[in-house]
Amino acid sequence: HTQKQISSILVVHDNFIENNNRRIAILEEMAQRLYREWFVHFRFPGYENVEMVESELGMIPEGWKAGKVGDICDGIFSGGTPTTTIDEYWNGDLPWLSSGETRNSFIVDTEKSITELGVTDSSTRKANTKDVVIASAGQGKTRGQTSYLLIDTYINQSVIALRGKENVSEYLFINIKNRYPELRNASDSSSIRGSITTVLM
């Protein structure tokens, strides 16, 4: 009887998670389509009345300008990892994000957590809700993966955080996520794992 009760509770939670994942996938697809329509095909509201002009990147709408990612960011930084052999640094109340977790488009929690002492005694840095994070290193598909933070979290040295200026965070996220192949091609190939540096931004 107890097992059936536990099972029924778990089924409800599993269904809730599955429904949320479906909603997230739908919302992300809608955002991707809107991004392509406005910023790739230049079919934004009122585009019929805007002239196209020459730029270093080709033809763009008049009034727009080409620039670096850093031009629309208030900060670009990476973090660090508290020493893993010191127990007092780990399993605290503070979320801590590793590069592998960028497999998720939206970060709502982290696999590990650290303590205030772990923060103080390491080079980790805090990324805020609405920051965009990129895996700067990793094997397989990890390097170049991009996520949008829905929580405040500390990050490790293989994660780059982009803090967009006011009202550009969502655009920044979709823009960077769409440039995955570009980021991987531009990254440093001098090591086995490769790396993306803040200089590329």
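Let's start with charges: there are 10 salt bridges in this structure, where a salt bridge is a side-chain nitrogen of Lys or Arg within 4 Å of a carboxyl oxygen of Asp or Glu. Quick housekeeping: this is a predicted model, where local features need pLDDT of at least 70, side-chain atom pairs count only at pLDDT 80 or more, and totals for chains, interfaces and linings use all residues. Residues are numbered from 1 along each chain as its sequence is written, and side-chain values use heavy atoms, with hydrogens and water left out.

Back to the salt bridges. One of them joins Arg 22 to Glu 18, with the closest N and O atoms 3.0 Å apart. These two are four residues apart in helix H1, so about one helical turn separates them. When I say helix or strand, I mean DSSP runs numbered from the N terminus: helices are H or I with at least four residues, strands are E with at least two. Arg 22 is partly exposed at 44% relative accessibility, and Glu 18 is partly exposed too, at 43%. For those words, buried is under 20% relative accessible area, exposed is over 50%, and partly exposed is in between, using a 1.4 Å probe and protein chains only.

Asp 74 pairs with Lys 165, the closest N and O atoms being 3.2 Å apart. Asp 74 is in strand E3 and Lys 165 is in the loop between E11 and H3, so this pair ties together parts that are 91 residues apart in sequence. Asp 74 is exposed, with a relative accessible area of 57%, while Lys 165 is partly exposed at 34%. There's also a network of salt bridges linking Glu 29, Arg 33 and Arg 36.

Next up, helix H1, which covers residues 2-40 and contains Leu 27. Leu 27 is exposed, with a relative accessible area of 55%. Together with Ile 26 and Met 30, Leu 27 makes a nonpolar surface patch with about 330 Å² of accessible area. Patches are built from residues with over 30% relative accessible area and no salt bridge, joining like charges within 9 Å and nonpolar side chains (Val, Leu, Ile, Met, Phe, Trp, Tyr) within 5 Å. The areas come from the Shrake-Rupley method with a 1.4 Å probe, and for residues only the protein chains shown count as cover.

On to the rings. How many aromatic pairs are there? The count comes to 12. Rings of Phe, Tyr and Trp (its six-membered ring) pair if their centres lie within 6.5 Å; planes under 30 degrees apart count as stacked, over 60 as edge-to-face and the rest as tilted. Tyr 148 and Phe 173 make a tilted pair, 5.5 Å centre to centre and with 50° between the planes. Tyr 148 sits in strand E9 (residues 146-149) and Phe 173 in helix H3 (residues 169-177), so the pair ties together parts 25 residues apart in sequence. Both Tyr 148 and Phe 173 are buried. Elsewhere, ring pairs link Tyr 35, Trp 38, Phe 39, Phe 42, Phe 44, Tyr 47, Trp 64 and Tyr 171 into a cluster.

For background, most residues other than glycine have a negative phi, and most peptide bonds are trans. Phe 42 lies in the loop between H1 and E1, and at 18% relative accessibility Phe 42 counts as buried.

Last topic: strands. Which order do the five strands of the open sheet take? They run E3-E11-E8-E9-E5, with mixed pairing. Strands E3 (73-78) and E5 (106-107) stand at the edges with a single partner strand each, so one side of each has no neighbour in the sheet. Two strands pair if DSSP finds at least two bridges between them. Inside the sheet, E8 and strand E11 (residues 159-164) run antiparallel, joined by four bridges, and Val 133 stands opposite Ala 161 in E11.

Strand E1 (residues 52-55) and strand E2 (residues 58-61) are antiparallel as well, pairing over four bridges. A hairpin of two residues joins E1 to E2, and Ser 55 stands opposite Gly 58 in E2.
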